[in-house]
Amino acid sequence: MAQASYPDDLLYHAEHDWARIDPDDESQATLGITWYAQDSLGEVVFFDPPASGTTVTKDSPYTEVESVKAVSDVIAPLSGEIVAVNEALRDNPATINEDPYGEGWLVKVRLSDPSERESLMDARTYQGTLDG
Amino acid sequence: MTSAPPALRRTPLFAEHVEAGAKLVEFAGWEMPVQYDGVREEHMAVREAAGIFDVSHMGEIETSGPQALELLQRLLSNDISKIAPGGAQYSVLCREDGGVLDDLFTYRLEVDRYLTVTNAANHLADFAWFESVAADFPDAHVSDRIDEWAMMAVQGPLAREMVQAGADGPLPERMSTGLRRISGEEVLVCATGYTGEEGVELLCSPEHAPRLWSALVRRGARPAGLGARDTLRLEACFHLYGNELSTERGPIEAGLGWCCKEDTGFIGAEAVRAARESGPTEKLVAFEIEGAGIARQGNAVAGGGEVTSGTLSPCLERGIGMAYVPAERSAVGTQLEIDVRGRTREARIVEKPFVQKRA
């Protein structure tokens, strides 16, 4: 994705991760990394999804993405249990770069504490935290 | 109150990198381009056509005078007397106990004048070492030339042709060096490289570097950063100081016995001779991951040993790397298990290099 973008319907975490609360079920969310994160990483060459059923804890790493040079932790913006993982990324990890908010989603979780969303930022606030 | 960290150094080509949209990172105290369009694209450009790297952060030490040869024989592992004027030679710099201080290329510019190129991270320590040993050689003079040279590497199957097009005479043959005029500027052309491809490394004055760089880019050399430099050298199984080489181990374990000539009496020769005669307990091997996964520096090898470098090979499209393993487990074909952040990855020792382009 050539142009920086930060969709308005998402919530953002300072460690460059996003959460999309399911509009039909506020106890479910999809998680991923932001445009800024994928741009800093460079091309993602390897993603090994965590297992369904794994617990994720807000502010803690729950998986990794790898570029040619380095491995980066992905921080959970919210706590819960993983109910689905994006298996398609095994064969096509660069989707994370090309479509970080759509086809590049990482996991879906059942939230253990939906009120945690209050601590996340909206798109404008998150953008304000980024380098000029 | 905290003091600001010292500002990073910038090479004479910094403005060119900014203009090209490079992603800049800190490396050995320098602000350097890690990539422009992408590590894999730049890597493949070097393998298929030509890439150009700014390596001005590397250091240069000039050794001259009637005792230059003697001093370099004492410092460097290889036999310096084998370098003819206009020749180039690879060697390591060792401590008394054989631990490696750096790996270097030395060019013989004139009968009694040599230029040694050092790794950026070790340059100041290397120069201090050269000076301290030079105290015993009154007719040898060493000087730090890092500020006088900019350096860029043009590498790939089309590299020589691209550089030749602007040169006033035939370029030096592989492993030779000579002064040429390229795009009107005086350039020291070294037919050496760190990618496993044909190519040259060009040294010129800092003032002329931007013009030379731009001329080569216009002729089709693709700017390539430190990210691609690392994946290319790893595919070629070249050592990186701080990964395969350190003071912890000697050159024999690293597979660099070929550039050590103990009879020249270099500092560390006795330790190297002893390691060679008894056989090292560990050896550096090349491995490929079988299946998914990328091993990284520091990953432990089951049964002993550790990964020194690892990446996803753009050419082979699988995880590759190098590791020190016990000598008895170092044969090609041996299966290894590598602990990659808590997950076991199967790997197999393979012949070096992973990618062989030049004959």
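Two strands count as paired if DSSP finds at least two bridges between them. With that criterion in place, I turn to the model, which is a predicted one.

I begin with the sheet in chain A. Strand S5 and strand S8 (residues 80-85) of chain A are joined by 2 bridges, in the antiparallel sense. Within this pairing, A:Thr55 has A:Glu81 in S8(A) as its bridge partner.

These two strands belong to an open sheet of 6 strands in chain A, whose order is S1-S2-S3-S9-S8-S5, with antiparallel pairing. The edges are taken by strand S1 (11-13) and strand S5 (55-56) of chain A; each has a single partner strand, so one side of each is left without a neighbour in the sheet.

I move next to chain B and a pair of helices. Helix H3 (residues 68-75) and helix H4 (residues 123-134) of chain B pack with their axes 10 Å apart, at an angle of about 120 degrees. Angles of 65 to 115 degrees count as roughly perpendicular and those over 145 as roughly antiparallel; H3(B) is therefore oblique to H4(B). Their crossing is right-handed.

Which residues of H3(B) meet H4(B)? They are B:Leu71, B:Arg74 and B:Leu75, and on the side of H4(B) they meet B:Phe130, B:Val133 and B:Ala134. Sorted by class, this contact of H3(B) with H4(B) comprises 5 nonpolar residues, no polar residues and 1 charged residue.

Finally, I come to the contact of the two chains. Chain A contributes 9 residues and chain B contributes 12 residues. The side of chain A that touches chain B is made up of 4 nonpolar, 1 polar and 4 charged residues.

Notes: Residues numbered from 1 in each chain as written. Chains lettered and ligands numbered in written order. Predicted model: local features only at pLDDT ≥ 70, side-chain atom pairs only at ≥ 80, totals over all residues. Contact = placed C-beta atoms within 7 Å. Nonpolar A, V, L, I, M, F, W, Y, C, P; charged D, E, K, R; others polar. Helix = DSSP H or I, 4+ residues; strand = E, 2+ residues; numbered from the N terminus. Axes fitted to C-alpha atoms, helices over the stretch in contact; angles between N-to-C directions. Parallel < 35°, antiparallel > 145°, perpendicular 65-115°, else oblique. Left-handed = near helix turned anticlockwise from the far one by under 90°.
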